[in-house]
Amino acid sequence: MAIVLDAMGGDHAPQAIVAGAVQATRSSQFPIVLVGRQDMLEAELRKHDTTGLPLSIQHAPDVIAMHDHATAVRQRPESSIRVACDLVKQGEGQALVSAGHSGATMAAALMGFGRIAGISRPALIALIPARTSHPTLLIDMGANADCKPLQLQQFGLMGSIYAEQVYGVENPKVGLLSIGEEPSKGNELSLAAYTLLEEAPLNFVGNIEGRHILSEAVDVVTCDGFTGNVALKTLEGAAEYISALLKAELRASPRTVLGALLARPAFNRVRARMDYEEYGGAPLVGLNSAVIIAHGRSSAKAMTNALHLAHRTVAMDVTGKINQRVAELLSGSETSPA
């Protein structure tokens, strides 16, 4: 079960990417194919003890930079992300991981793998720390700014399968992000999507408001990518503000400094739960191969966790499960994907 890694993608590539790959194979022993400039990758590997580790290199001379347009992948077949996608498509690996240009990664993956039959558009899942033992899955977090009601139904279905298979959530609760809990609240898109979600083979709990995303009320949140991205960035900004505010208040006097020292273990646990590096990356679901898009500033730790997430996604056959459930949904409905 090989994972193909775009080793040139990310702000700290290839150093952090290679270090993360070494740690992932050291802890779990699944094979990883590093794709990128061979001389650079060999130089990075020499910095680590890789004896016995299932690591290999596939040379790719070109790199899609962050300032390039996503469509550049069509004209640059020797770029690391294109070569990585080709390896997965040819069966040399079962999943793709990249911390590079997210738009280029999505374009290359869609071009290389194609959509699952019956799925209108692939979607990105944001893994959000919640009060439960597993993250809340927000889908879509930005891949599709404009959506149709059927796509929100499909996002809910794919998110439910992912939560069930990867995080072991039994009968995941799926909510539709809206401006009120009542079925009559929302815009035309959410009103139409509500009806379709009620008809879908999943545990739909109705509309939820933004305040419910971090609660135990829901395991999966479905929405269009525009709304999802705004919600996600708002949560990130609020978390950063609260963290800065706490630091300032805890340093305000000798008494609060002492209290902070006593509470440090609890603060460290909270920080770990809120750290994006713990989750590794965002799964891109709806394609015929597993894809994990890691944050551009991923460290070695984040990359290790992204690779572990890709491994679990393949081991649980999430793509196959989505294929099966979508086929069941379509067989019981005359609605065709838009």
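Analyst: Helix H5, which spans residues 102–113, gives the largest share of the lining of the second largest pocket, contributing five residues. The model is a predicted one, and in it this pocket holds about 250 Å³ of space. Its lining is made up of 14 residues, and those closest to the centre of the pocket are Gly103, Met106, Ala107, Leu110 and Pro122. Sorted by class, the lining of the second largest pocket consists of eight nonpolar, three polar and three charged residues.

The largest cavity has a volume of about 60 Å³. Around this cavity there are 14 lining residues, and Leu284, Val285, Ala290, Thr313 and Thr319 are the ones that lie nearest its centre. Strand E10 (281–285), strand E11 (290–294) and helix H12 (318–331) are the elements that give two or more residues to this lining. In the lining of the largest cavity ten residues are nonpolar and four are polar, while no charged residue takes part.

We can now turn to helix H1 and its neighbours. Helix H1 covers residues 15–28 and helix H11 covers residues 300–315, and their axes come within 7 Å of each other and cross at roughly 50°. The two helices, H1 and H11, are therefore oblique to each other, and H1 passes H11 in a right-handed crossing. On the H1 side, the residues that meet H11 are Ala16, Ile17, Ala19, Gly20, Ala21, Gln23, Ala24, Ser27 and Ser28, while H11 brings Ala300, Met303, Thr304, Leu307 and His308 to the contact. Taken by class, the residues of the contact of H1 with H11 are eight nonpolar and six polar, with no charged residue among them.

Helix H1 also has a contact with helix H2, which runs over residues 38–45; the axes of H1 and H2 come within 10 Å and cross at roughly 55°. That angle makes H1 oblique to H2, and the crossing of these two helices is right-handed. Here Gln15, Val18 and Val22 in H1 meet Leu41, Glu44 and Leu45 in H2. The residues of the contact of H1 with H2 divide into four nonpolar, one polar and one charged.

In the loop between H1 and strand E2 (32–36) lies glutamine 29, where phi is near 65°, a positive value in a residue other than glycine.

A cis peptide bond is also found elsewhere in the model, from isoleucine 139 to aspartate 140, with omega near 20°. Aspartate 140 belongs to the loop between strand E6 (136–139) and helix H6 (149–167).

Methods
Residues numbered from 1 in each chain as written. Predicted model: local features only at pLDDT ≥ 70, side-chain atom pairs only at ≥ 80, totals over all residues. Heavy atoms only, no water. Axes fitted to C-alpha atoms, helices over the stretch in contact; angles between N-to-C directions. Helix = DSSP H or I, 4+ residues; strand = E, 2+ residues; numbered from the N terminus. Parallel < 35°, antiparallel > 145°, perpendicular 65-115°, else oblique. Left-handed = near helix turned anticlockwise from the far one by under 90°. Contact = heavy atoms within 4.5 Å. Nonpolar A, V, L, I, M, F, W, Y, C, P; charged D, E, K, R; others polar. 1 Å grid on protein atoms, 1.4 Å probe; cavity = no way out; pocket = protein on both sides within 12 Å on 5 of 7 lines; lining within 4 Å. Points joined across faces, edges and corners; volume = space filled by probe spheres on them.
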